[in-house]
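This briefing concerns the structure shown below. The points that follow are grouped by topic.

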Amino acid sequence: MIIANNINKKFGKLQVLDNVSVTCNKGECIALIGPNGSGKTTFIKCMLGMVVCDSGFITFNSKNILHDWQYRANIGYMPQIGRYPDNMSIGQVIDMMKDIRSSKQLQLDEELIRQFELDELMDKRMRTLSGGTRQKVSASLAFLFNPGVLILDEPTAGLDPVSSEILKEKIIAEKAKGKLILITSHILSELDDLVTQVVYMQEGKLIFHKKIEELRADTGQEKLSKAIAAVMLKTKYL
Amino acid sequence: MKKIIKYVIIDILRNKIILAFTLFLLALSLSIFNLEDSSAKGVLSLLNIVLIIVPMVSILFTAIYVYNSAEFLELLVSQPLKRKTIWLSMFTGLASSLVLSFFIGIGVPVMLYEFSATGAALVVAGILLTVIFVAIAMLAAVKIRDKARGIGAVILLWLYFSLLFDGLVLFILFQFADYPMEKAMVVITVFNPIDLSRIMVLLKMDVSAMMGYTGAVFKNFFGTAAGLCTTLLVLVGWIAVPAWLSVRKFNRKEL
């Protein structure tokens, strides 16, 4: 569904993405893992067209995304730090997004808004929100339009245990519907029961892209966190 | 596109600066027209305000607004929208609300007190200047990432167009005083929309007789229908070129 081919990106002298190629298919749940500053968010932003890569190309449903913009209708994106217009209320932001993205055949999925109990906060201004509530808004917006692809950048960072459980349940439910889900996270323990594939990045390079079963077999570790730790140690001593 | 323009305008109207600016212009123009004994003199006084305050408010307000809506732009860019649409909607929203404010504040009083070619020229010049400086501010805001530097640059740009450029022109005039500079002056004014608008309005006032020989050359060139068309075309170019450049820049901007 999404194919990235030899993506290179430099910010000044810093090579943020170095020949990254990834193929993502429907029904997969891919974890993007790597140390801080390894280029995960930049890679995601490249997929969304928010960052234009220096060389290489990305296709979405075998169409180059470079001059396309409609493909984003199929993507729900939850940013790492949700930034919203300060003087709009939650309700206004959600209504605006509905207004911009609405189409007749679209079925809105307001489950998360209900489950996060955002209904009661609809009149609150965005600037008064706590980091966690902001995350809830971002998550609700990402799932709202029932997109075929979900890109979640650190989805559970800042969420309380109850809310992050709600979000995880939602991700599992969407995965079961055959959607492509891309997650970056540093809390590996919570990825265990979600992901089917792991992409490991370091210093802008893609180190490996494996099915989780393969990774478990290679490292002999059952837990994802232990398996990744084993890989990190190995790459350190190479 | 309409939807985004709507949200931009709603947002601009919600912050009260535009309203205050409108009331300020309205109070100013009404008091000038009531103080001056002839309304033609009123238009002349208003001209100086239009040429200094209107560009300043347009350029500053636009720059600050664009920097403050970084979040809004970021949110929109990740949605299924063309970047060009987002940027041009922002431009249209800002330009139309500032033009509306100018029109209510100065356009309406001018029409009430001095409904003439001069008045019309003043209003047209003001509207064009508003849009020109919105376009310039948007170009500066998209080029410069840092907010403080961006606003500083915008203030310098305004200073350049309203003060420094004239100084530069005087300098050139004195340096080349021995040469016939009258025709060259016509070309030089093209590089400053404020000067161009000033000449456009002044020539309609028939005070060009006081501007000496250069004034006569100006009258010969700008006073004709072809000259007026050229002036308007150049002013529209001052809108189109910065707007086009900023769209191009925004298309490649990293957010």
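In chain A, strand β1 (residues 2-11) is joined to β2(A) by seven bridges, and the two strands run antiparallel. Helices (H or I, at least four residues) and strands (E, at least two) are DSSP runs numbered from the N terminus, and two strands pair if DSSP finds at least two bridges between them. This is a predicted model, in which local features need pLDDT of at least 70 and side-chain atom pairs count only at pLDDT 80 or more, whereas totals for chains, interfaces and linings use all residues. Residues are numbered from 1 along each chain as its sequence is written, while chains are lettered from A and ligands numbered from 1 in the order in which they are written.

- Strands β4(A) and β5(A) run antiparallel and are joined by two bridges, with A:F60 opposite A:K63 in β5(A).
- A hairpin is formed by β4(A) and β5(A), with two residues between them, and A:N61 in the turn has a positive phi of about 50 degrees.

**Six-stranded sheet of chain A**

- An open sheet of six strands has the order β6-β7-β8-β3-β9-β10 (chain A), and its pairing is mixed.
- The edges are taken by β6 (75-78) and β10 (205-211) of chain A; each has a single partner strand, so one side of each lacks a neighbour in the sheet.
- From one strand to the next, the twist averages 15 degrees.
- Strand β3 (residues 29-33) of chain A pairs in the parallel sense with strand β8 (residues 180-184) of chain A over four bridges, and A:C29 stands opposite A:I181 in β8(A).
- Helix α1 (residues 40-48) of chain A lies across β3, β6, β7 (149-153), β8 and β9 (197-202) of chain A, and runs at about 150 degrees to β7(A). Axes are lines fitted to C-alpha atoms, for helices over the stretch in contact, and angles run from 0 to 180 degrees between N-to-C directions.

**Helix α6 of chain B and its partner**

- Helix α6(B) has 27 residues and reaches 39 Å from its first C-alpha to its last, close to the 39 Å expected at 1.5 Å a residue; the expected span is 1.5 Å times one less than the number of residues.
- Of the 27 residues of α6(B), 23 are buried, so the helix is largely enclosed by the rest of the structure. A residue is buried if 20 or more other C-beta atoms lie within 10 Å of its own, exposed if 12 or fewer, and partly exposed in between, with C-beta atoms placed from the backbone.
- The axes of α6 (residues 117-143) and α9 (residues 193-205) of chain B come within 8 Å and cross at roughly 175 degrees. That makes the two helices roughly antiparallel (the term applies to angles over 145 degrees).
- Residues of α6(B), including B:A117, B:L122 and B:I132, meet residues of α9(B), among them B:P193, B:M200 and B:M205; contact requires C-beta atoms, placed from the backbone, within 7 Å.
- By class, this contact of α6(B) with α9(B) has twelve nonpolar, two polar and one charged residues. Ala, Val, Leu, Ile, Met, Phe, Trp, Tyr, Cys and Pro count as nonpolar, Asp, Glu, Lys and Arg as charged, and the others, Gly among them, as polar.

**Two residues of chain B**

- B:V66, in helix α3 (residues 39-68) of chain B, is buried, with 25 other C-beta atoms within 10 Å.
- Not counting residues up to four places away in sequence, B:V66 touches B:M90, B:M138 and B:A141. The C-alpha atoms of B:V66 and B:A141 are separated by 6.8 Å, although the residues are 75 apart along the chain.
- B:L157, in helix α7 (residues 147-175) of chain B, is partly exposed, with 19 other C-beta atoms within 10 Å.

Definitions and conventions
Parallel < 35°, antiparallel > 145°, perpendicular 65-115°, else oblique. Contact = placed C-beta atoms within 7 Å.
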